[in-house]
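Subject: A structure for you to explore

Hello! Here is the structure I promised to pass on, with some notes to read beside it. Take your time and keep the 3D view open as you go.

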Amino acid sequence: MIRWLITTLLALGVLATLASASPDASDRILHLHRGMDAGGFAKLKKLDEPIDFSDIDRDLLAAAVFHETNRRRAGHELPPLRFMPRLREAARIQSRDMRKRNEVSHRGSEPSIRSLDDRLEKVGLSGRFRAENVAMVFGIRYEAGPEVYTREEGGRTVFSRQPGGPAIEPHSYRSLAKHLLDSWMDSPGHRRNILRSEASALGTACIAQESNDHPKRFFCTQVFFAPLAAAAGERR
């Protein structure tokens with residue numbers, strides 16, 4: 001009987017659907033975002049590990065940006081933003097779309113995700129406040145401008161500041177989040193969103209783009225949000 005049931009479920013694709021279910025509400029994601037404050041999160045040793053582009057811990061990176069944002073708010077005596085998985089999904093939608101188009105933009109490429117309101121509606125949210133920050137950041141400790149040199153070593157592309165020089169080091173999860181927030185805080189409009197008192201919740205996402213023509217980079221999105229008064233207790 002059990003064997004028959006398993007066979008039937010496989011035929012219907014039920015088990016496959018369960019296995020591929022969205023991880024946005026997984027225990028690990030909730031723990032990384034809600035299970036500790038910015039100070040507790042900062043003690044994680046993995047934050048200082050170089051990012052391995054063949055095995056990026058996307059959940060840790062998203063949480064690093066989330067907590068670094070709250071750390072900046074705390075420096076201005078503002079309350080921390082709480083985590084909402086559906087905001088993270090809205091941020092992922094825009095980051096994926098920017099990567100696809102190789103363009104940093106608040107405008108989506110398809111009608112269903114054209115605006116931030118469209119993306120929030122797509123994940124089932126409507127609120128009294130919403131704002132968005134977007135950016136592209138290199139995954140190595142390099143800023144656009146100075147020339148970089150490339151060579152092949154061990155089947156991979158190496159970027160250096162001088163011909164044959166040492167490879168430019170990859171960011172760690174901590175340093176990438178800090179560098180990203182530094183760039184946003186240096187921009188008046190982005191800084192204003194980060195420090196908005198109206199916001200009560202945040203979701204973040206960074207999607208990697210790999211290329212042999214330029215250093216590996218991430219397209220990153222923050223979505224700030226405050227629910228309608230009637231839904232102020234939402235935790236999803």
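Predicted model: local features only at pLDDT ≥ 70, side-chain atom pairs only at ≥ 80, totals over all residues.

**The disulfide**

Searching the whole structure turns up one disulfide, meaning a pair of cysteine sulfur atoms within 2.5 Å. Residues are numbered from 1 along each chain as its sequence is written, and side-chain values use heavy atoms, with hydrogens and water left out.

In general, a disulfide is a covalent bond between the sulfur atoms of two cysteines. Here the partners are cysteine 206 and cysteine 220, with their sulfur atoms 2.3 Å apart. The link of cysteine 206 and cysteine 220 is right-handed, with 115 degrees about the S-S bond. Cysteine 206 sits in strand S5 and cysteine 220 in strand S6, so the pair ties together parts that are 14 residues apart in sequence. (Strands are DSSP runs of E with at least two residues, helices are runs of H or I with at least four, and both are numbered from the N terminus.)

Are these two cysteines buried or exposed? Cysteine 206 counts as buried because its relative accessibility is 8%, and cysteine 220 is buried too, with a relative accessible area of 1%. The cut-offs are under 20% relative accessible area for buried, over 50% for exposed and partly exposed in between, using a 1.4 Å probe and protein chains only.

**The sheet around it**

Now zoom out to the strands. An open sheet of four strands has the order S1-S5-S6-S2, with mixed pairing; two strands pair if DSSP finds at least two bridges between them. S1 and S2 (127–138) are the edge strands, each pairing on one side only.

S5 (residues 201–209) is mostly covered, as nine of its nine residues are buried. Ala201, Gly203, Ala205, Ile207 and Gln209 point one way from S5, while Leu202, Thr204, Cys206 and Ala208 point the other way.

How do the neighbours of S5 run? S5 and S6 (residues 217–227) are antiparallel and joined by nine bridges; in this pairing, glycine 203 stands opposite valine 223. S1 and S5 run parallel, with two bridges between them. Arginine 82 stands opposite alanine 201 in S5, and phenylalanine 83 has leucine 202 as its bridge partner there.

H5 lies across S1, S5 and S6, at about 135 degrees to S5, whereas H6 (residues 85–101) lies across S1, S2, S5 and S6, at about 30 degrees to S5. These angles run from 0 to 180 degrees between N-to-C directions, with axes fitted to C-alpha atoms, for helices over the stretch in contact (heavy atoms within 4.5 Å).

**Aromatic rings**

The whole structure holds three aromatic pairs. Rings of Phe, Tyr and Trp (its six-membered ring) pair if their centres lie within 6.5 Å; planes under 30 degrees apart are stacked, over 60 edge-to-face and the rest tilted. One of the pairs is phenylalanine 66 with phenylalanine 83, edge-to-face at 5.9 Å centre to centre and 85 degrees between the planes. This pair links distant parts of the chain, with phenylalanine 66 in H5 (residues 58–74) and phenylalanine 83 in S1 (residues 82–83), 17 residues apart. Both phenylalanine 66 and phenylalanine 83 are buried.

Enjoy exploring!
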